[in-house]
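Here's a quick tour of a protein model, with an eye on charged pairs and strand layout. Have the structure open while you read.

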Amino acid sequence: MSDKESEMAKRIQFSQHGGSDVLEYRDYQPAAPGPREVRVANQAIGLNFIDTYFRSGLYQPPALPSSLGTEGAGVVEAVGSEVSGFAVGDRVAYATGPLGAYSELHVLPAEKLVKLPDGISFEQAAAVMLKGLTVQYLLRQTCELKGGETILFHAAAGGVGSFACQWARALGVRLIGTVSSAQKAARAREQGAWATIDYSHENVAQRVLELTDGAKCPVVYDGVGKDTWETSLDCVAPRGLLVSFGNASGAVTGVNLGILAQKGSLFVTRPTLAGYATSAERLQAMADELFGMIASGQLQVEISSRYALKDAAAAQDALSSRQTTGSTILLP
């Protein structure tokens, strides 16, 4: 197809913030790509917690009504006049926006796309891009783990946590994972966690002290947010780093910097994928390392659930109620 406007396509959109019931499956007219844009025919779409943040209003979309989703994989269908790195028919994947992945066709800047190797399927890419790139920057950039460290990672049986367990194992890092059940503890250990803590009946900070012989962890990764913030601080070794990278339980607010002094001259950071994938070259390099981990077998991509795009509301409900393990994808 040329860069002319395409025929009508389907997408998920919402006109007001709220629960999953605000999501609508609608016809829309995909735009022709601008000079530096590409239009992708999605083959698989990633489902992530951040999607529910935009829907609920925790994060604000540029305007309403809004489309949803930032992650997917597919085939280039049309390219803008100034795009040189991609051609019609190329296999591509993306994870850093703009919103609109919950659609049959998605137009986005060429700099947001990465080339997808033939050995990685569309479904694998849609299931791994956002979560896998998140783990890449967390373990390889925010704190460049060398091997031998003992770290704490919350929600170790979830989508990001599962990849973190595997990647940590590959690096020779002892990952202590928090989980909410015995079943999830077993899953995290299968994925590569060195130890697990079931916070439904164990004191996380106390168990970290026991597991580290009182030393605590040089780095703690917390994607849960409000509910785990204080516990996480109690698990960081003196002059260690707390990496707060998500809000699954709500945003961390009212932070008292004096707490960092009291608990041992601690460091804290609130990173984002966009803050690390700051250029097309960096994004592709991060993706290449991720794809290499998959190709080598060190990172297994488990897709636990597949939903039709029209059933995105049910997929989000399953994610929000923590019924899912591994990755969930939408199929247009």
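What follows covers the salt bridges, then a sheet and a helix packed on it.

## Salt bridges across the chain

Keep in mind that this is a predicted model. Side chains of opposite charge can pair when their charged atoms come close. Searching the whole structure turns up 13 salt bridges.

Take R39 and E77: their closest N and O atoms sit 2.5 Å apart, making a salt bridge. R39 belongs to strand β3 (residues 37–46) and E77 to strand β5 (residues 72–79), so this pair ties together parts that are 38 residues apart in sequence. Both R39 and E77 are buried.

Another one to look up is R306 with E123, a salt bridge whose closest N and O atoms are 2.8 Å apart. Here distant parts of the chain get linked: R306 is in strand β15 (residues 303–308), E123 is in helix α2 (residues 122–142), and they are 183 residues apart. As for accessibility, R306 is partly exposed at 47%, and E123 is also partly exposed, with a relative accessible area of 24%.

R207 and E210 form a salt bridge, with 2.7 Å between the closest N and O atoms. Both lie in helix α5 (residues 204–211), three residues apart, which is about one turn of the helix.

## The open sheet

Over to the strands. Six of them make an open sheet with parallel pairing, and the order is β11-β10-β9-β12-β13-β14. The edges are β11 (195–198) and β14 (267–269); each has a single partner strand, so one side of each is left without a neighbour in the sheet. From one strand to the next, the twist averages 15 degrees.

Within this sheet, strand β9 (residues 150–153) runs parallel to strand β12 (residues 217–222), and two bridges join them.

Notes:
Residues are numbered from 1 along each chain as its sequence is written. This is a predicted model: local features need pLDDT of at least 70, side-chain atom pairs count only at pLDDT 80 or more; totals for chains, interfaces and linings use all residues. Side-chain values use heavy atoms; hydrogens and water are left out. A salt bridge is a side-chain nitrogen of Lys or Arg within 4 Å of a carboxyl oxygen of Asp or Glu. Helices (H or I, at least four residues) and strands (E, at least two) are DSSP runs, numbered from the N terminus. Buried means under 20% relative accessible area, exposed over 50%, partly exposed in between (1.4 Å probe, protein chains only). Two strands pair if DSSP finds at least two bridges between them. Axes are lines fitted to C-alpha atoms, for helices over the stretch in contact, and angles run from 0 to 180 degrees between N-to-C directions.
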